[in-house]
Amino acid sequence: MLDAMVKLGAPVFAVILSGFAVGATVERAGTPVFCRDVLPVLQKRCQRCHRPGEIGPMPLETYAQVRPWAAAIREAVLRKKMPPWFADPRFGKFADDPTLTPNEIQTIAKWAAGGAPKGDPAQGPKPIAWPAGWSIGKPDAVLEMPGTIPVPAKGVVDYQYVVMPTGFQRDRWVTAAEVRPTARRVVHHVVIYIRPPGSEWLKEAKPGIPYSIPEDDPRHRRLWTTSDMVLVYAPGNPPMRLPKGMAKKIPAGSDLVFQMHYQPDGKAALDHERIGLKFAKGPVVKRVFTLQLGNDTFVLPPGDPDVRVAAYGTLPRETEILSFFPHMHPRGTSFAFHYIHPDGQIETMLYVKPYDFHWQLNYVLAKPRVLPKGAKLEWVAHFDNSKNNPKNPDPDTAVRFGEQSTAEMMIGFFDVTAPVGMDKEGFFVRK
Ligand code: HEC
């Protein structure tokens, strides 16, 4: 009855009835329905994070789970808060770009505003059978810390390092890698370094035992390394999956070094880290390195709302770039990756704006970009050290480079490929 009247479109009744319809699962003509219209979008763009065991605060897999969130979801997609993604669409094309189309946004918004009806499950997709645990599938090797690391409710935690011997008897070529912390909410990032045999780095650290040096200790500079990385984990990124024929090398006898940056969030936590690795099944034709170009000599004057900080580099050889990963702390507002052509033209390969410290995302190019030998790179970051920046922990100090979030950082990581036989030092040798 209700249905029929609304479909007839009698304006007076429709207005009155819509009041009753809110919260009820009444289908009105033209209103998108959950099963047929909304669920496919959630499966494609949201469930990667919004399912049990992942970082989304609530699962969005079934109608019963989604219904109470309809209004919040509408708000989040209209304001483009969800899914999180900060690449300016004018520059570059990226794999896994989760941006919703205007059509998808309207579908969700109309569905929520129209009483969030369920519709007929037969008209919708089947639930996705998401893997429990590892998203990369069953790893060929798992390395995990023997114990847990306590993270206090508040205060500052020095970067924690854990050396994990791999026991690999031969070189391993890694095509996929996934880090799974147990206390995701306090993990700001985890870097997994590859420490080849014979390396002097962190020699004094005992395997499996968390190791740290306070930032104001003169020995702190010992923590600096040029070691290659398997990956940088930060909440919200999909696991590392390299294109066919490409892999990262873990030389026989290497250790993996886990570097954890914890951010206390008011509730004490116990964290346990593990990494799952998948090895190349077929031939590897390119070796992948993670490089970084940054600036650690800047000063952000107190109260300054817009400070430009740049870093410059020149590629020692023709280089294929796979991805970019901008890294700053709470005062960062934007980060651009430029290639300066020989004629001076500035090409923006990625422009992240706004930069959100809580979303440290990795931007994988849809198609790798090859730059010539001698190519000039310019990474440009902007910072807001004024009191108008709500994330600014202290607008009254001059801020320099440092590990903790009260200090700042300006690093642009990028993954590149090289011939299989080349190591990272060799990459930088100019011929
Ligand atoms: C990369 C992981 C990720 C993806 C993809 C993602 N979310 Fe989220 N979502 C989160 C996290 C983490 C939070 C909690 C922190 C926050 O609000 O930023 C959140 C919060 C939300 C909230 C707010 C909850 C509240 O407390 O008000 C809504 C609504 C939401 N997501 C809906 C969606 C929808 C709809 C999609 C897909 C269109 C989506 N999310 C995609 C990770 C994700």
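**Figure 1. Surface and overall build of the chain.** The accessible surface of the chain comes to about 20,900 Å². Carbon and sulfur atoms account for 57% of that surface. The model is predicted. Its chain holds 7 helices and 19 strands. The radius of gyration is 24 Å, close to the 22 Å that the globule rule gives for 431 residues, so the chain is as compact as a globular protein of that length. Along the principal axes, the C-alpha atoms fill a box of roughly 80 × 50 × 50 Å. Of the 431 residues, 52% count as buried. Take the contacts between residues at least 6 apart in sequence: 82% of them join residues at least 24 apart.

**Figure 2. Helix H3 and its cover.** Helix H3 spans residues 34-45. Its buried residues are Phe34, Cys35, Val38, Leu39, Val41, Leu42 and Gln43. An α-helix has 3.6 residues a turn, so residues three or four places apart point the same way. What lies over the buried residues of H3? The cover includes helix H4 (63-66) and H6.

Figure 3. The structure holds 19 aromatic pairs. One of them joins phenylalanine 34 and tryptophan 111. Their ring centres are 5.9 Å apart, with 40° between the planes, and the pair is tilted. Phenylalanine 34 lies in helix H3 and tryptophan 111 in helix H6 (residues 102-113), so the pair ties together parts that are 77 residues apart in sequence.

**Figure 4. An edge-to-face pair between a strand and a loop.** Here the rings belong to tyrosine 161 and tryptophan 201. Their centres are 6.3 Å apart and their planes stand at 90°, so the pair is edge-to-face. Which parts of the chain does the pair of tyrosine 161 and tryptophan 201 tie together? Tyrosine 161 lies in strand S3 (residues 160-165). Tryptophan 201 lies in the loop between strand S5 (187-195) and strand S6 (229-233). These parts are 40 residues apart in sequence. Tyrosine 161 is buried, at 2% relative accessibility. Tryptophan 201 is buried too, at 7%.

**Figure 5. Histidine 189 and its contacts.** Histidine 189 lies in strand S5. Its relative accessible area is 7%, and the residue is buried. Which side chains make polar contacts with the side chain of histidine 189? One is the side chain of histidine 188, at 3.2 Å. Another is the side chain of glutamine 259, at 3.0 Å. Leave aside the neighbours within four places in sequence. Histidine 189 is then in contact with Tyr159, Tyr233, Gln259, Met260, His261 and His327.

**Figure 6. A ring cluster and two arginines over rings.** Ring pairs link Phe324, Phe335, Phe337, Trp379 and Phe414 into a cluster. Two further close-ups show an arginine with a phenylalanine ring. Arginine 172 lies over the face of phenylalanine 168, at 5.7 Å from the ring centre. Over which ring does arginine 317 lie? Arginine 317 lies over the face of phenylalanine 427, at 5.8 Å from the ring centre.

Key:
Residues numbered from 1 in each chain as written. Predicted model: local features only at pLDDT ≥ 70, side-chain atom pairs only at ≥ 80, totals over all residues. Heavy atoms only, no water. Phe/Tyr/Trp six-rings, centres within 6.5 Å; stacked < 30°, edge-to-face > 60°. Helix = DSSP H or I, 4+ residues; strand = E, 2+ residues; numbered from the N terminus. Buried < 20%, exposed > 50% of the residue type's maximum accessible area, 1.4 Å probe, protein only. Lys NZ or Arg CZ within 6 Å of the ring centre and 35° of its normal. Rg over C-alpha atoms; globule rule 2.2 N^0.38 Å. Contact = heavy atoms within 4.5 Å. Areas by Shrake-Rupley, 256 points an atom, 1.4 Å probe, with all protein chains shown as cover. Polar contact = N/O pair within 3.5 Å; in protein donor to acceptor, adjacent residues only side chain to side chain.
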